[in-house]
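I opened my notebook to go through this chain, one topic at a time. Here is the structure to follow along with.

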Amino acid sequence: MPGILPWDILSKINFSMKNFIRQNSCYFFACLLLIVFGGIVLLLSSKGPVLLWVNRHYSIFWDAFFKTASAIGNISFSLVVLLALAVWKNMKTSWRAFICILSTALVVQILKHLVFPGTPRPILYFDGVEDLRLLKGVVQLQTESFPSGHTAAAFAISTILAFILPRKKYHWILALIAACVGYARIYLSQHFITDVYVGMIIGISVTTLVYYGTGKLKYFKS
């Protein structure tokens with residue numbers, strides 16, 4: 001009896017991954033639209049003009065809304081999600097989500113501090129060139145702009161929830177909420193669109209690969 005050939009294994013993995021993506025097609029389609037839209041914006045403009053456009057279109061309502069939305073990318077919110085999953089689902093699900101979020105955070109921090117260290121944030125980038133509208137109470141950081149950790153964390157959480165929650169056809173809402181976090185980071189003059197765009201891709205891709213991979217481990221199999 002012939003042994004299992006390497007391409008047979010790859011074929012099984014490919015089929016399994018396609019099936020996994022098909023099961024979450026609504027969410028992935030929404031993410032694809034966001035990636036395409038962001039790509040078009042970057043092709044037509046650059047990070048400076050985009051930030052200035054966002055900075056000059058504001059209101060008191062959006063100030064409050066995006067300050068709140070930005071908090072979804074905080075560590076504290078991730079901890080709340082992990083605790084909720086432990087209570088609502090089980091510890092295995094919570095641990096699996098933790099691994100996804102931690103993996104995403106590690107990729108972001110490696111890029112921030114080792115690959116692109118010292119990348120200026122908007123307040124430093126426009127220093128002496130443009131007067132940005134800054135919101136009171138928002139701490140303005142100077143460097144380590146690329147990529148956006150808040151955006152990556154928001155998309156990591158939304159991706160995890162899309163895989164776990166039922167009613168798959170409504171999961172585009174999760175992608176929209178995460179996108180609001182990314183826009184909030186630009187609105188608050190904390191990041192450029194390039195930071196947010198790459199953070200989004202990292203959050204989606206790393207979480208998808210890690211969640212799918214951990215599902216093959218005996219511990220996480222139901």
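My entries on the model follow below.

**Ground rules.** I am working with a predicted model, where local features need pLDDT of at least 70, side-chain atom pairs count only at pLDDT 80 or more, and totals for chains, interfaces and linings use all residues. I number residues from 1 along each chain as its sequence is written, and side-chain values use heavy atoms, with hydrogens and water left out.

**Salt bridges.** I looked for salt bridges (a side-chain nitrogen of Lys or Arg within 4 Å of a carboxyl oxygen of Asp or Glu) and found two. In one, E130 pairs with R56, with 3.0 Å between the closest N and O atoms. This pair links distant parts of the chain, 74 residues apart: E130 is in the loop between α7 (122-125) and α8 (149-164), and R56 is in the loop between α3 (47-55) and α4 (60-70). My helices are DSSP runs (H or I, at least four residues), numbered from the N terminus.

D63 and R133 form a salt bridge at 2.5 Å, N to O. They also link distant parts of the chain, with D63 in helix α4 and R133 in the loop between α7 and α8, 70 residues apart. I checked cover too: buried means under 20% relative accessible area, exposed over 50%, and partly exposed in between (1.4 Å probe, protein chains only). D63 is buried at 13%, while R133 is partly exposed at 24%. E130 is partly exposed at 30%.

Most residues other than glycine have a negative phi, and most peptide bonds are trans, so I searched for departures. The bond between F146 and P147 is cis, with omega about -5°, and P147 sits in the loop between α7 and α8. E144 has a positive phi near 55° and belongs to the loop between α7 and α8. E144 counts as buried because its relative accessibility is 19%. S189, not a glycine either, has a positive phi of about 60°. I placed S189 in the loop between α9 and α10 (193-214), and it is buried at 1%.

**Helix pair.** Where do α2 and α9 meet? I found C26, Y27, A30, C31 and L34 in α2 meeting W172, L174, A175 and A179 in α9, with contact meaning heavy atoms within 4.5 Å.

**W95.** W95 counts as partly exposed because its relative accessibility is 43%.

Note on methods: Helices (H or I, at least four residues) and strands (E, at least two) are DSSP runs, numbered from the N terminus.
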